[in-house]
Amino acid sequence: MGNVVITGGSRGIGAATVELFAARGDRVTFLYEKNHTAAKAVADKTGAAAICCDVADGEAVNRAFSQIGDVDILVCNAGTMYFGLLSQMAEDEWNRLFAVNVGGIYHCVNAAMPSFLKTHRGSIVTVASMWGQVGASCEAAYSAAKAGVIGLTKATAKEVGPSGIRVNCVTPGVIRTPMNAELSDEDLAALADETPLGRIGEPEECAEAILFLASEKASFITGQVLGVSGGLII
């Protein structure tokens, strides 16, 4: 049990993770960018504290963490995506994608690090994507950003391991979240058929993987990438 910060906590995998940690008895604070209605619903349901904060903004992140105080567990889940040809992607869209998916982790890890170093313990879990491992057509920028998250996770684990801090990564596959809401039933059915387990994943299944990596049950695990994809990539 401890003080937990979860980014991107108003919906999807983030909301499921907030619910799981809160049910365990942790003191949970989650960050969200703009969906006030969804954030209030999650906060009311779980008792977690919600802070509106764009993780791409380093000053905003520092202000948020100054309200939170000491942190024991940090879950970097906030992310955004772009679907389309790389050649048709505007530079500001490219910059925003990396600012949120990679820069957001940089800001949050640095904001939480004083707490971790003070106690010589702590756990960070990042959320990437299976596309960061294998790449996806029409999601080149997203794949590159999530590959960056994986690399950042492994390198940071080496840096802070001597201080007793663990850093691990979860790579979801096709999960039933708002991010995949634009996929048609036919597309989802086709993806389920390609998945060895024969179905689409649920946010709660990713949340359970995050909870495991953050917990003392994973006390000798760091720098690892845990796929939650139903075997879609092996």
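Modeller: A contact here means heavy atoms within 4.5 Å. This is a predicted model, where local features need pLDDT of at least 70, side-chain atom pairs count only at pLDDT 80 or more, and totals for chains, interfaces and linings use all residues. Residues are numbered from 1 along each chain as its sequence is written, and side-chain values use heavy atoms, with hydrogens and water left out.

Now the cavity. On a 1 Å grid over the protein atoms alone, a cavity is a set of points where a 1.4 Å probe fits but cannot get out; lining residues have an atom within 4 Å of a point. Grid points are joined across faces, edges and corners, and the volume is the space filled by probe spheres set on the points. One cavity of 30 Å³ or more is counted. Helices are DSSP runs of H or I, at least four residues, and strands runs of E, at least two, numbered from the N terminus. Helix 5 gives the most, three residues.

P172 sits in strand 6 (residues 165–172). Leaving aside neighbours within four places in sequence, P172 is in contact with V127, and also with I13, A128, S129, M130, C206 and V228.

Key. On a 1 Å grid over the protein atoms alone, a cavity is a set of points where a 1.4 Å probe fits but cannot get out, and a pocket is an open set with protein on both sides within 12 Å along at least five of seven lines; lining residues have an atom within 4 Å of a point.
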